[in-house]
Amino acid sequence: MGSESALKLPAIDFSNPVDLKPGSPEWESLKGQVRQALEGYGCFEAFFHKVPLELRKALLGATDELFDLPLQTKLRNVSKKPYHGYVGQYPMVPLYESMGIDDANISEKVESVANVMWPEGKPSFCNTIQSFSEQLSELDRIVRRMILESLGVEKYLDEHMWSTNYLLRVMKYTGPQTTDTNKKLGLTAHTDKNIVTILYQNEVDGLEVKTKNGEWINVKPTPDSFIVMIGDSLLAWVNGRLHSPYHRVMMTGEKARYSAGLFSIPKAGYIIKAPEELVDEEHPLLFKPFDHVQFLAFYYTEAGQRAESALTTYCGV
């Protein structure tokens with residue numbers, strides 16, 4: 001599995017509005033940092049102050065309130081898509097539970113989920129979830145634009161942005177309730193299957209990312225930062241030019257870890273296919289075109305779970 005590493009993820013600051021003007025020298029500098037981080041690590045720590053501290057605190061409070069609901073209430077959040085509704089009660093990862101909210105940047109979609117949890121309505125929860133998702137989605141769009149520009153395929157930008165929607169998944173990892181310093185598994189090692197994931201968490205650490213050489217980095221973001229990570233669908237679209245990292249959650253202590261992940265996810269029916277500009281003799285095609293929803297269905301089969309790389313097993317050339 002590799003040893004734990006004292007390495008740190010690259011940190012990139014998106015806080016200065018001047019830096020976020022496409023074509024400016026500052027933009028070009030940030031774009032180079034993003035490309036380098038995603039080639040080397042598949043993820044980085046991002047500072048992005050357009051999501052204010054008050055909203056980040058409100059998000060963690062809303063998450064706490066949501067998971068405090070009775071289990072029977074949480075089980076009402078169901079979805080036909082794997083990992084999009086309520087997830088919990090899994091013997092393999094007993095410390096973990098999560099709740100998905102599709103199209104969390106759209107008020108009506110958030111309200112429909114909230115009304116299942118709180119039939120009397122919960123405006124404060126809805127406003128917090130929608131505002132957080134909408135403001136954080138700007139960082140997703142910036143990073144994806146930088147990726148396409150750095151690869152010279154920005155002509156596909158409109159189609160690429162149109163091809164996805166957003167899922168916000170809020171997660172709780174119960175503390176192991178022990179003073180034992182040995183870590184307990186919170187979530188098994190996996191790669192994400194979507195386009196881009198942006199994670200925010202409370203003060204309880206536990207996220208670990210595996211480097212290309214097999215070492216595990218203990219990720220310790222600050223209250224001001226997010227972790228940006230790419231998934232297998234983007235790995236396939238860029239024909240392997242970037243890295244989709246394995247990551248896991250390992251828990252110690254008694255405090256619960258709360259986190260929220262904004263996932264840009266390919267829409268059902270959209271075919272993920274590497275642009276012809278990214279396929280050449282030096283970079284032969286690695287993956288056949290595929291539908292993300294069908295790939296996800298395969299991933300949750302026994303064969304998909306057993307595969308070292310579900311993506312390669314499913315559609316590798």
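## Ground rules

Since we're working from a prediction, local features need pLDDT of at least 70 and side-chain atom pairs count only at pLDDT 80 or more, while totals for chains, interfaces and linings use all residues. Numbering starts from 1 along each chain as its sequence is written, and side-chain values use heavy atoms, with hydrogens and water left out.

## Overall build

The chain carries 10 helices and 15 strands; these are DSSP runs numbered from the N terminus, with helices (H or I) of at least four residues and strands (E) of at least two. Its C-alpha trace spans about 55 × 40 × 40 Å along the principal axes. A compact globule of 317 residues would have a radius of gyration near 20 Å, and the chain's 19 Å agrees with that. (The radius is taken over C-alpha atoms, and the globule rule is 2.2 Å times the number of residues to the power 0.38.)

Of the 317 residues, 53% are buried, where buried means under 20% relative accessible area, exposed over 50%, and partly exposed in between (1.4 Å probe, protein chains only). Take the contacts (heavy atoms within 4.5 Å) between residues at least 6 apart in sequence: 78% of them join residues at least 24 apart.

## Helix H4

What does the buried side of H4 look like? In this helix (residues 107-117), the buried residues are Val 110, Val 113, Ala 114 and Met 117. Seen down the axis of H4, they fall within an arc of 100°, so they line one face of the helix; the arc is that of the directions from the helix axis to the C-beta atoms.

As for partners, the buried residues of H4 pack against helix H2 (53-67), helix H3 (71-74), strand S5 (96-102) and H5.

## Rings and charges

The structure holds 12 aromatic pairs. Rings of Phe, Tyr and Trp (its six-membered ring) pair if their centres lie within 6.5 Å; planes under 30 degrees apart are stacked, over 60 edge-to-face, and the rest tilted. Phe 132 and Tyr 200 have ring centres 6.5 Å apart and planes at 55°, so this pair is tilted. Phe 132 belongs to helix H5 (residues 123-150) and Tyr 200 to strand S8 (residues 196-201), so the pair ties together parts that are 68 residues apart in sequence. Both Phe 132 and Tyr 200 are buried. Elsewhere, Phe 290, Phe 295, Phe 298 and Tyr 314 make up one aromatic cluster.

Two Trp rings have a charge over them: Arg 248 puts its charged end 3.9 Å from the ring centre of Trp 216, and Lys 267 lies over the face of Trp 162, at 4.6 Å from the ring centre. That call requires NZ of Lys or CZ of Arg within 6 Å of the ring centre and within 35 degrees of the ring normal.

## Loop residues

Most residues other than glycine have a negative phi. Asp 103, in the loop between S5 and H4, has a positive phi near 50°, and at 17% relative accessibility it counts as buried. Asn 239, in the loop between helix H7 (232-237) and strand S12 (247-251), has a positive phi near 55° and is buried at 3% relative accessible area.

Pro 275 lies in the loop between strand S14 (271-272) and strand S15 (290-291), and its 6% relative accessibility counts as buried. Not counting residues up to four places away in sequence, Pro 275 touches Val 153, Tyr 156 and Trp 237.
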